[in-house]
Amino acid sequence: MVKRLISANASDISGFSTEELKQSIKASEGRTVLSENVVVHMPALVQDITNAEMASAFGADMILLNALDVIEPDIQGLYNEEYKGTGNAVQDLKHLVGRPIGVNLEPVDDKAKMAEVKLDISSGRKATKETFEQAKKLGFDFVCLTGNPATGVTNEHILEAVKIGKTHFDGLIIAGKMHGSGVDEPVVNLEAIKQFVEAGADIILVPAVGTVWGVSEDEVREAVQVAHRSGALVMSAIGTSQEGSDEATIREIAIKNKTLGVDIQHIGDAGYGGLAPVENIYALSKAIRGQRHTVSRISRSINR
């Protein structure tokens, strides 16, 4: 058996297989924190390091890169005169943070019935055979198949992307919606969740209760039960800019969603420079696992 992720060393994590990483998350019993970071903006707090490094320092166990073009990968803050790296941005970032790192790939539906004006994104951000293969080449531990605001991502296209990903990518696949992505369709759809799992999704993404208009505790609880019965894990997401709320709001969301049985708690990137306020990452961590495990994570050297 593997170590649970919340107490694993960087050397343990680097040796995990895909199934071992999934088991390490499951064994952490709802106490895993994932921070999503925008990579195309220069970090606002400290310009000579990355958002991923700051998120890791305040309690993140996993890092999800947003707005990264995998065909032309560029992570702001990664390289400077003191650190040149190897030229593989993903491997260099993994070396610096010692955490599992993933990327958003967006299953865009050009025929989606939109609820707002559609935003076009580069081909290197879309979920295709080519981008899955490139994500594998770069060494990502997981991909997240979801949509940013107004990109026109639908559940139908997420399902197709899961199928493509299972063929062309060997890491974990997260699938689902953290908000509407500009599309006029239900955000939590139990039938779609069943299909995602049947197609091979390892982790189902749902909006955290308290973040999306009208999404109830009962809906998320049922989604968790459907996924768990089929062997999949669940990640709840704070992806509606509430990651920039006060700490009390973050703690309330965190405890509520832990009660519903989610395995990973995601905190989004809507802060200065594409990172949630660092005190909110810390508040989320401390709320779902206490001071002991939080201090263990933020203090544990990547050289262990």
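**Notebook: salt bridges, rings and pockets**

I began with E29, which is exposed, with a relative accessible area of 56%. I kept in mind from the outset that this is a predicted model. E29 forms a salt bridge with R31, and the closest N and O atoms of the two are 3.5 Å apart.

Next I asked how many salt bridges the structure holds. The count is twelve. As background I noted that side chains of opposite charge can pair when their charged atoms come close.

I picked out the salt bridge between D61 and R289, in which the closest N and O atoms are 2.5 Å apart. D61 lies in the loop between α3 (51-57) and β2 (62-66), while R289 is in helix α10 (residues 278-299), so this pair ties together parts of the sequence that are 228 residues apart. Both residues, D61 and R289, are buried. I also found that D61 and R289 are linked with R297 in a network of salt bridges.

A further entry concerns R125 and E106, whose side chains meet in a salt bridge at 2.9 Å, N to O. R125 and E106 both lie in the loop between β3 (101-105) and α5, so the pair ties together parts that are 19 residues apart in sequence. I wrote down that R125 is buried and that E106 is buried too.

I turned to the aromatic rings and counted two pairs. Y79 and Y83 form a stacked pair, with 6.2 Å from centre to centre and 20° between the planes. Y79 is partly exposed, as its relative accessible area is 35%. F132 and F169 form a tilted pair, with 6.4 Å centre to centre and 45° between the planes. This pair links distant parts of the chain, since F132 is in helix α5 (residues 129-138) and F169 is in the loop between α6 (155-168) and β5 (172-176), 37 residues apart. I noted that F132 and F169 are buried.

The largest pocket holds about 370 Å³ of space, and among its 20 lining residues the closest to the centre are I13, S14, K94, R99 and D141. Helix α1 gives the largest share of this lining, four residues. By class, I recorded seven nonpolar, nine polar and four charged residues in the lining of the largest pocket. The second largest pocket has a volume of about 260 Å³, and its lining divides into eight nonpolar, three polar and two charged residues.

Methods
Residues are numbered from 1 along each chain as its sequence is written. This is a predicted model: local features need pLDDT of at least 70, side-chain atom pairs count only at pLDDT 80 or more; totals for chains, interfaces and linings use all residues. Side-chain values use heavy atoms; hydrogens and water are left out. Rings of Phe, Tyr and Trp (its six-membered ring) pair if their centres lie within 6.5 Å; planes under 30 degrees apart count as stacked, over 60 as edge-to-face and the rest as tilted. Buried means under 20% relative accessible area, exposed over 50%, partly exposed in between (1.4 Å probe, protein chains only). Helices (H or I, at least four residues) and strands (E, at least two) are DSSP runs, numbered from the N terminus. On a 1 Å grid over the protein atoms alone, a cavity is a set of points where a 1.4 Å probe fits but cannot get out, and a pocket is an open set with protein on both sides within 12 Å along at least five of seven lines; lining residues have an atom within 4 Å of a point. Grid points are joined across faces, edges and corners, and a volume is the space filled by probe spheres set on the points. Ala, Val, Leu, Ile, Met, Phe, Trp, Tyr, Cys and Pro count as nonpolar, Asp, Glu, Lys and Arg as charged, and the others, Gly among them, as polar. A salt bridge is a side-chain nitrogen of Lys or Arg within 4 Å of a carboxyl oxygen of Asp or Glu.
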